[in-house]
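Subject: Handover of a structure, with findings

Dear colleague,

Please find below the structure that I am handing over to you. The findings follow directly after it.

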Amino acid sequence: KTLTDMNLAVPASEAVSDKPIDLRIYSPNVPDLTLIALPGYIEISSLDQPESLKDKISSLCDKYIREPNILLAVCAADVDLANSPALRASRKVDPLGLRTIGVVTKMDLVEPVQGSNIIAGNRYPLHLGYVGVVCKPSGKQGRRETSGAVARRGDQYFAEHRELFSSQQLMVGTSTLRRRLMEVLESSMASSLHGITNAVQLELEEAQYQFKVQYNDR
């Protein structure tokens, strides 16, 4: 209800707002992280949307895809990656793919060979690689499915084609995506520790100097 009310509060003339919807989930089974779900990029506005919507969404996304954030570039397997707005945007701010994970959805809608070629990343390589997943179907069935059911259906699909995906050691499934994301986050946080240590040390030295000046070492 809260999400619906906040979405409806955005005037139709604006279609998108810079104000984020802050949803906090507490559980002993989830990692401590901030996940930001951005609006999808669009190429053209529909008749009931403002003409400026494309630029507004692009500007909004640009605020969040800067360093040091990890990017999940979500693209569908049944669409050429060259036409993926998410990958195009990520390449602008992360040309080497050092902090971008490609998430390829709808893997079950293409031939397994084609799907495996996509997540192999040979055409558009990413340093952090691609993870292939199977998403819930559209319609009433999709709305009733739990995330666990979706994950099991994805695992079943990849198990049926194990010889193709396992032989190339490709990353597939939502559980693999979760594990890969945690590995990347841990690595990212570890690489930030040196800078944090230096910042704390500088603050400490400044505080010691101010104490010495103001209190004459008393």
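Is Phe 165 buried or exposed? Phe 165 is buried, its relative accessible area being 2%; here buried means under 20% relative accessible area, exposed means over 50%, and partly exposed lies in between (1.4 Å probe, protein chains only).

Some conventions come first. The model is predicted, so that local features need pLDDT of at least 70 and side-chain atom pairs count only at pLDDT 80 or more, while totals for chains, interfaces and linings use all residues. Residues are numbered from 1 along each chain as its sequence is written, and side-chain values use heavy atoms, with hydrogens and water left out.

Aromatic residues

The structure holds three aromatic pairs; rings of Phe, Tyr and Trp (its six-membered ring) pair if their centres lie within 6.5 Å, and planes under 30 degrees apart count as stacked, over 60 as edge-to-face and the rest as tilted. One of them joins Tyr 157 to Phe 158, edge-to-face, at 5.3 Å centre to centre and with 75° between the planes. Phe 158 and Phe 165 also form an edge-to-face pair, because their ring centres are 5.2 Å apart and their planes stand at 90°. Tyr 157, Phe 158 and Phe 165 together make one aromatic cluster. Tyr 157 is buried at a relative accessible area of 12%, and Phe 158 is buried at 6%.

The sheet

An open sheet is formed by four strands in the order β1-β2-β3-β4, with parallel pairing. Helices (H or I, at least four residues) and strands (E, at least two) are DSSP runs numbered from the N terminus, and two strands pair if DSSP finds at least two bridges between them. At the edges are β1 and β4 (171-172), each of which pairs on one side only. β1 and β2 run parallel and are joined by six bridges. Helix α3 packs on the sheet, where it touches β1, β2 and β3 (130-132), and its direction makes about 150° with that of β1. Axes are lines fitted to C-alpha atoms, for helices over the stretch in contact, and angles run from 0 to 180 degrees between N-to-C directions.

Within the bridges between strands, Leu 72 has Ile 101 of β2 as its partner, and Val 74 has Val 103 of β2. Six of the six residues of β2 are buried. Thr 100, Gly 102 and Val 104 point one way from this strand, whereas Ile 101, Val 103 and Thr 105 point the other way. In a regular strand the side chains alternate between the two faces of the sheet.

Helix α4 and the cores

The buried residues of α4 are Pro 112, Gly 115, Ser 116, Ile 118 and Ile 119. They cover an arc of only 160° around the axis, so they sit on the same side of α4; the arc is that of the directions from the helix axis to the C-beta atoms. The buried residues of α4 pack against β2, β3, α6 (147-160), α7 (162-165) and β4. Gly 121 follows α4 and has a positive phi, near 70°.

A nonpolar core is a set of buried Ala, Val, Leu, Ile, Met, Phe, Trp, Tyr and Cys residues joined through side-chain atoms within 4.5 Å. The largest has 19 residues, of which Leu 87, Val 104, Met 107, Ile 119, Tyr 130, Phe 158 and Phe 165 touch the most other members. At least two residues of this core come from each of β1, α3, α4 and α6. A second, separate core has nine residues, including Ile 101, Leu 128, Leu 177 and Leu 185. Leaving aside neighbours within four places in sequence, Val 104 is in contact (heavy atoms within 4.5 Å) with residues including Cys 75, Ile 118, Ile 119 and Tyr 130.

Backbone points to check

Glu 67 and Pro 68 are joined by a cis peptide bond, with omega about 0°. Pro 68 is placed in the loop between α2 (53-64) and β1 (71-76). Lys 106, in the loop between β2 (100-105) and α4 (112-120), has a positive phi near 55° although this residue is not glycine. Most residues other than glycine have a negative phi, and most peptide bonds are trans. Lys 106 is partly exposed, at a relative accessible area of 37%.

With kind regards
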